[in-house]
Amino acid sequence: MRRATFLLVLVTGFLAACGGKSRAVTDGGTSTVTDGGASCEPAFLEAGTGVAGDAEVPLVHRAVPSCCPTARGPAPPTQPYGPGVASTCSSDSECTSGAEGRCFPAEGLVGPGGCSYDECLTDSDCSGAPCVCRTSASDDSANVCAPGGNCALDSDCGPGGFCSPSQLCYGALAYYCHTASDACINDADCPPVDAGGGCDVPQNCVYDPQAQHWACSHQACCPP
């Protein structure tokens with residue numbers, strides 16, 4: 001059975017301090033950060049490790065809290081925007097009401113856009129919910145809290161448990177424990193479905209809040 005390795009993008013000498021979190025330097029010069037006393041990974045990407053093709057192990061899960069980058073890339077370079085493009089700003093320099101403010105012409109899928117701010121650096125900033133990091137220090141996305149699920153770490157799911165991200169369509173991202181009733185663990189467990197006319201639609205393994213377990217779901221439609 002081939003093992004798939006999912007590397008955490010570790011930062012050495014590059015990631016800024018995690019807000020007010022403590023940092024200790026080891027003899028080798030690497031830094032260890034703690035979030036409320038628990039060790040957290042100074043990483044840009046949240047990823048777990050699993051065995052390829054093994055339905056018992058989720059490929060993405062949260063073993064430890066994440067420490068997000070404080071640096072953030074600039075918003076789109078067409079600033080200052082003209083009237084009506086963003087509701088609360090015309091450039092990044094006007095977004096000063098929170099941490100690492102950026103001005104976007106469209107915030108999310110709808111709406112006039114406006115200022116966007118970092119919500120967190122670690123889980124302790126999110127009242128126990130996971131803090132989801134941007135992908136790099138040059139990414140202009142915000143670090144955001146992901147409330148609404150039932151876990152933040154694998155340890156919240158009991159001995160040997162796993163806490164993984166789930167997102168239905170364009171809904172909010174949330175983290176849920178895997179259960180003994182799960183119909184799937186990874187996306188690879190979900191074969192594509194025929195949506196009509198021979199058009200195969202891929203499926204994802206997501207958490208079903210009504211059934212309270214993970215199941216396959218297709219969240220895309222075939223073109224007309």
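Predicted model: local features only at pLDDT ≥ 70, side-chain atom pairs only at ≥ 80, totals over all residues.
**Stop 1**

Select Pro165, Ile185, Asp187, Cys205 and Trp214. Of the 16 residues that line the second largest pocket, these five are the closest to its centre. The space inside amounts to about 230 Å³. Now show the strands β10 (163-166) and β14 (204-208), each of which supplies at least two residues of the lining. Coloured by type, the lining residues divide into eight nonpolar, seven polar and one charged.

**Stop 1**

**Stop 2: the disulfide at Cys205**

Cys205, one of the residues closest to the pocket centre, also lies in strand β14. Select Cys184 with Cys205: the two form a disulfide, with sulfur atoms 2.1 Å apart. Cys184 sits in the loop between β11 (174-177) and β12 (193-194), 21 residues from Cys205. Both cysteines are buried. The disulfide is right-handed, because the torsion about its S-S bond is about 95°.

**Stop 4**

The structure holds nine disulfides. Another joins Cys68 to Cys133, with an S to S distance of 2.1 Å. Cys68 is in the loop between β5 and β6, and Cys133 is in the loop between β8 and β9, so this pair ties together parts that are 65 residues apart in sequence. Cys68 has a relative accessible area of 0% and is buried; Cys133, at 12%, counts as buried too. Their link is left-handed, with -80° about the S-S bond.

Then select Cys126 and Cys145, whose sulfur atoms are 2.1 Å apart in a disulfide. The torsion about this S-S bond is about -80°, so the disulfide is left-handed. Cys126 lies in the loop between β7 and β8 and Cys145 in strand β9, 19 residues apart in sequence. With a relative accessible area of 8%, Cys126 is buried.

**Stop 3: the salt bridges**

Side chains of opposite charge can pair when their charged atoms come close. How many salt bridges does the structure hold? There are three.

Begin with Asp123 and Arg62, whose closest N and O atoms are 2.9 Å apart. Asp123 is in the loop between β7 (114-118) and β8 (131-132), and Arg62 is in the loop between β5 (50-51) and β6 (99-104), 61 residues apart. Both Asp123 and Arg62 are buried.

Move to Asp118 and Arg134, a salt bridge with 2.8 Å between the closest N and O atoms. Asp118 belongs to strand β7 and Arg134 to the loop between β8 and β9 (144-145), so the pair ties together parts 16 residues apart in sequence. Asp118 is buried at 12% relative accessible area, and Arg134 counts as buried at 1%.

End at Arg102 and Glu100, where the closest N and O atoms of the salt bridge are 3.0 Å apart. Are these two residues buried or partly exposed? Arg102 is buried, with a relative accessible area of 11%, whereas Glu100 is partly exposed, with 31%.

Key
Residues numbered from 1 in each chain as written. Heavy atoms only, no water. 1 Å grid on protein atoms, 1.4 Å probe; cavity = no way out; pocket = protein on both sides within 12 Å on 5 of 7 lines; lining within 4 Å. Points joined across faces, edges and corners; volume = space filled by probe spheres on them. Helix = DSSP H or I, 4+ residues; strand = E, 2+ residues; numbered from the N terminus. Nonpolar A, V, L, I, M, F, W, Y, C, P; charged D, E, K, R; others polar. Salt bridge = Lys/Arg side-chain N within 4 Å of Asp/Glu carboxyl O. Buried < 20%, exposed > 50% of the residue type's maximum accessible area, 1.4 Å probe, protein only. Disulfide = S-S within 2.5 Å.
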